[in-house]
Each structure stands twice: as structure tokens, then as C-alpha cells.
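I opened the model to look up contacts, folds of the chain, helix packing and salt bridges. My notes follow the order in which I checked them.

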Amino acid sequence: MSETTASVTSGTGTGTVIAESATARGRRARLALRGLQVLLALFYAFASALPKLIAHPSAVEVFDEMGWGSAGMYSIGALELAGAVALLIPVLSSVAAVSLGALMVGAFITQITVFGGENAATPLILILPLALIAWARRRDAAELPRLIGGRS
């Protein structure tokens with residue numbers, strides 16, 4: 001651990017202050033962010049995309065009610081699965097978070113307009129950690145044009 005210990009003397013006595021170094025704090029923040037990415041990737045892959053991609057009856061019913069049918073269901077499922085995978089790839093995680101966030105805006109609008117707001121809170125709740133990931137990983141996304149040959 002990189003911690004600094006200092007003795008402090010005040011009018012009431014002597015105490016010990018333990019201050020964390022910026023590197024230890026930064027390391028824990030990166031691990032927490034990575035954990036959040038993995039958690040969201042698992043959610044999008046298994047709880048959200050999988051039922052659509054295997055045509056689970058509940059997903060089929062929802063998409064039929066929206067009038068999007070199986071084409072819409074498979075398309076949204078594929079986008080969610082692609083976003084889940086991309087969340088786990090460092091250079092793509094920011095772009096994936098923005099894309100999934102846009103998908104959640106569409107899900108929120110759909111929940112409000114088609115289903116009367118029944119589950120409208122879910123996409124809104126998911127937008128918050130996605131925005132955090134997009135912001136925190138924005139520097140990784142800056143490497144993307146160089147990797148695909150756009151800039152040297």
C-alpha cells in the first residue's frame with residue numbers, strides 16, 4: 001500500500017493521519033470503473049440482449065406490441081450485445097457507453113410513448129453509469145482514429 005503516515009499534534013492531543021497517495025486512490029478508482037464496466041456488460045449481454053436474440057416469449061410480446069416485430073427485436077438485441085462486448089475493450093469502452101446511452105434514450109422514449117412510462121426509470125438509471133464510463137474513458141477513445149489508420 002502506498003500510504004503516508006504523519007503525526008499531528010493539536011491542542012487536544014496527538015493523533016495519526018493516514019493519507020492515501022494519489023496513485024493508490026487512482027488505482028482503486030480504475031478498478032472500480034472496470035468493475036462497473038464488467039457489471040454493465042454482463043447486464044446488457046445476458047439480461048437484455050440474450051432474451052431478444054433467443055426470441056424469449058416476453059421479448060417477442062413486447063416488440064410485437066410496439067409494432068417492431070422480430071426484425072426490431074433482433075436488431076436491438078444485436079446492438080446491445082455489441083455494446084456489451086465493446087464495453088470490455090478499453091479503446092472502445094467510451095464509444096460503447098455513448099452508444100448504449102443513446103439506445104437507452106430511445107428505450108426511455110419508447111417506454112413513455114408506447115407503454116405509458118411503466119418501466120421508464122430503468123433506462124434512465126442505466127444512463128448514469130454509462131455517462132460516467134464515457135467520460136472517464138474518453139482518453140482511450142482518442143486513440144481510436146490512430147488505431148484504424150485515420151491519423152498518425
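I began with contacts, meaning heavy atoms within 4.5 Å. Among those in the protein chain between residues at least 6 apart in sequence, 56% join residues at least 24 apart. This is a predicted model, so I kept its limits in view: local features need pLDDT of at least 70, side-chain atom pairs count only at pLDDT 80 or more, and totals for chains, interfaces and linings use all residues. Residues are numbered from 1 along each chain as its sequence is written, and side-chain values use heavy atoms, with hydrogens and water left out.

Next I read off the secondary structure. I found seven helices and two strands, taken as DSSP runs numbered from the N terminus (helices H or I, at least four residues; strands E, at least two). Their order along the sequence is β-β-α-α-α-α-α-α-α.

Then I checked burial. Of the 152 residues, 30% count as buried (buried is under 20% relative accessible area, exposed over 50%, partly exposed in between; 1.4 Å probe, protein chains only).

I looked up the UniProt record. Its unreviewed entry lists residues 31-51, 71-89, 96-114 and 120-136 as "transmembrane region"; such annotations may be inferred rather than shown by experiment, and positions follow the numbering used here, with feature names shortened. In the model, residues 31-51 are 100% helix and 0% strand, with end C-alpha atoms 29 Å apart. Residues 96-114 are 95% helix and 0% strand, and their end C-alpha atoms lie 26 Å apart.

How many salt bridges does a search of the whole structure find? I got two, counting a side-chain nitrogen of Lys or Arg within 4 Å of a carboxyl oxygen of Asp or Glu.

One joins Lys52 to Glu80, with the closest N and O atoms 3.1 Å apart. Lys52 sits in helix α1 (residues 22-53) and Glu80 in helix α3 (residues 69-87), so the pair ties together parts 28 residues apart in sequence. Lys52 is buried at 12% relative accessibility. Glu80 is buried too, at 4%.

The other pairs Arg146 with Glu143, at 2.8 Å from N to O. Here Arg146 is partly exposed, at 46%. Glu143 is also partly exposed, at 36%.
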